[in-house]
Amino acid sequence: MANSKLTLSERINRAVAATTCEKIMSLHCLYHAGGIHREEIEEFWTKREDCTWSHNFGQMDNKTNYIECYADEQEANAVQIYEQVVPIYPEVSKVKDRRALIEVAMHLLASPVIEVAEDGQSAKGLWYTPGCIFSTLNPQKAKEGMWMWERYGADFILENNKWVYLNLKVCCDMAGMMDADNWPFMEDSGEPQSDKEEDSSKPDSSDVSVGIPGPLHYVLSNTQVPQERPYIPQPYRTFKETYSYATLTGIYEEEGK
Amino acid sequence: MTKQVMTDDVRIGRVWDILEIKNLMGRHAYYHAYDMHAEELDELWVQKPENQKSASFGQNWGYQVGMGIIRKNYVDLNIKWHQEDLDKLCDADPSLENCPENLGIGSMLMHILSTPYIEIAGDGQTAQGMWYSPGQVTFAYPDKVNALWMYEKYAVDFIKEDGEWKIWHLFVGTDFILGVGEDMTKQPVSDTPVPDQEPEGMDITIPMQAYTSRYNWSPYPAIPRPYETFGETISNGPEGHQELQKGGKD
């Protein structure tokens, strides 16, 4: 942050806030990898209804929709996967938390930009996430692995003296099978898009019941310049004066909605 | 951690602790890449005898406990492996000099640290951290160069010795290893990411399957939670492993 008029105590406040927001973001990644989604929403998301979670495929545009998609549907998918896997590998019955039997979504965090508002009540963060998704025991009876390079934009707010998420926007740029030549340019690099052939044995992220359908962002294409999404955080005074990562992009920008 | 009003000094001290721990682990990553294992143990790991005794290095196949055995494996055995590799390379290429300066020739290890999550104990004397590590390891052999992706989870306990953070318990759980250009779907499902048993020649204090990605996500090591003193959290040493807590092992 660039404001040099802040007192030492105010700077300390912002250093603590930035460190805390980074921790929340890492905790999100760890919870997501384990499929621990319901706890994530309860522990470090806002209690407000007007929170959002966005991906290329659309936006969960309020708390109810977010819980429905990110917790309820994911848990239902886990049950479905478990029922398909257990006849093949009975040993999975000993797994206590079956939510991770879907896959491990290992979204790593790198290259953070974190801006804390001058009023200390909100913060914005941007990360690259060079990640991957893998599974060992699954209905396909074969290991699966996929690279997935994305960008995270997060709005945090200070709520009852605790930093929590308000909005999280995920922009997927590249995805492809591990490990193949020129994987960003493989035909299935647009994994989150909904127009490809579906594997009926596996829940498809494009099937989630988002309140606002996408696309809100587009994967790498040889006919497209790099997209500035999520927007790069800039120093700001109050959340009302800056943009929100809930802002609809992609098709909505093009249609002027 | 109990909610209490903290002074600015205390609050910035905790932010500073996190920065120091990030640097400490960053140094570990570079020391490891540069084969500075002896320096790493002397500079970055615990030095007080009572902490050295309980220091541990855990991997998928179990735990090394105590700095003596850690040094034997991490320093001495590593040099032995490098010497064996160099001997083979020199046999294949007589122009290559077989000297200590060439140990590790052709190899490159990068265990990158990402996704840092660090909890400082309420009493400020210990800390716990977790990182995802997207890495690559490359080794040269007389007939080929072998390059592998290696994705791991790091879980680490730190303790302050005379005001400096030191590595106390290091656990590295390997999720998968994949040849660069290898199709993961062709790996047999029965293959574990690393052998169930420790590499030949490595002494292990507690051999066990401490970590596996067979069921995808491993709940061990535990994600750090806020805590007041080390006694009330789950150690990343062997005493914190659920199988050992039950009095048995896999």
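**Entry 1: where the chains meet.** I started with the contact between the two chains, keeping in mind that this is a predicted model. I found 32 residues of chain B in contact with 40 residues of chain A. On the chain B side, the elements that give two or more residues are helix 1 (8–33), strand 4 (114–120), strand 5 (126–141), strand 6 (144–161) and strand 7 (164–179). Which of them gives the most? Helix 1 of chain B does, with 5 residues. I also sorted that side of chain B by class and got 19 nonpolar, 7 polar and 6 charged residues.

**Entry 2: helix 1 against helix 1.** Next I looked at how helix 1 of chain A sits against helix 1 of chain B. The two pack at an angle of about 40°, with their axes 10 Å apart. Are they oblique or roughly parallel to each other? Angles under 35 degrees count as roughly parallel, so I wrote the pair down as oblique. The crossing of helix 1 of chain A and helix 1 of chain B is left-handed.

**Entry 3: the layout of chain A.** I then stepped back to chain A as a whole. I counted 4 helices and 8 strands, and from the N terminus on they run α-α-β-β-α-β-β-β-β-β-β-α. Chain A has 257 residues, and buried ones make up 44% of them. I also checked the contacts in chain A between residues at least 6 apart in sequence, and 65% of these join residues at least 24 apart.

**Entry 4: the core.** Which residues have the most contacts inside the largest nonpolar core? They are Cys21(A) and Met106(A), in a core of 99 residues. Helix 1 (residues 8–33) of chain A supplies the largest share of this core, 11 residues.

**Entry 5: helices 2 and 3 of chain A.** I stayed in chain A for one more helix pair. Helix 2 (residues 37–44) and helix 3 (residues 63–85) pack at an angle of about 145°, with their axes 8 Å apart. His37(A), Arg38(A) and Ile41(A) in helix 2 meet Tyr66(A), Ile67(A), Tyr70(A), Ala71(A) and Gln74(A) in helix 3. I sorted the residues of this contact into 5 nonpolar, 2 polar and 1 charged.

**Entry 6: two residues of chain B.** I picked Gln64(B), which lies in strand 2 (residues 62–65) of chain B. Is Gln64(B) buried or exposed? It is buried, because 25 other C-beta atoms lie within 10 Å, and 20 or more is the mark for that. Beyond its neighbours within four places in sequence, Gln64(B) is in contact with residues including Phe57(B), Ile69(B), Asp203(B) and Thr205(B). Then I turned to Lys48(B), in the loop between helix 2 (37–43) and helix 3 (49–54) of chain B. Lys48(B) counts as partly exposed, with 13 C-beta neighbours inside 10 Å. I noted that Lys48(B) and Ser235(B) are 187 residues apart in sequence and 18 Å apart in space, C-alpha to C-alpha.

Entry 7: I finished with the backbone. The peptide bond from Gly214(A) to Pro215(A) is cis, with omega near 5°. Another cis peptide bond joins Arg229(A) and Pro230(A), with omega about -15°. I placed Pro215(A) in the loop between strand 8 (212–213) and helix 4 (251–254) of chain A, and Pro230(A) is also in the loop between strand 8 and helix 4. Ser111(A), in strand 4 (residues 110–116) of chain A, has a positive phi near 55°. Ser111(A) counts as exposed, with 11 C-beta neighbours inside 10 Å. Asp35(B) has a positive phi of about 60° and sits in the loop between helix 1 and helix 2 of chain B. With 17 C-beta neighbours inside 10 Å, I put Asp35(B) down as partly exposed.

Terms used
Residues numbered from 1 in each chain as written. Chains lettered and ligands numbered in written order. Predicted model: local features only at pLDDT ≥ 70, side-chain atom pairs only at ≥ 80, totals over all residues. Axes fitted to C-alpha atoms, helices over the stretch in contact; angles between N-to-C directions. Contact = placed C-beta atoms within 7 Å. Nonpolar A, V, L, I, M, F, W, Y, C, P; charged D, E, K, R; others polar. Core = buried A, V, L, I, M, F, W, Y, C linked by C-beta atoms within 7 Å. Buried ≥ 20, exposed ≤ 12 C-beta atoms within 10 Å, placed from the backbone. Parallel < 35°, antiparallel > 145°, perpendicular 65-115°, else oblique. Left-handed = near helix turned anticlockwise from the far one by under 90°.
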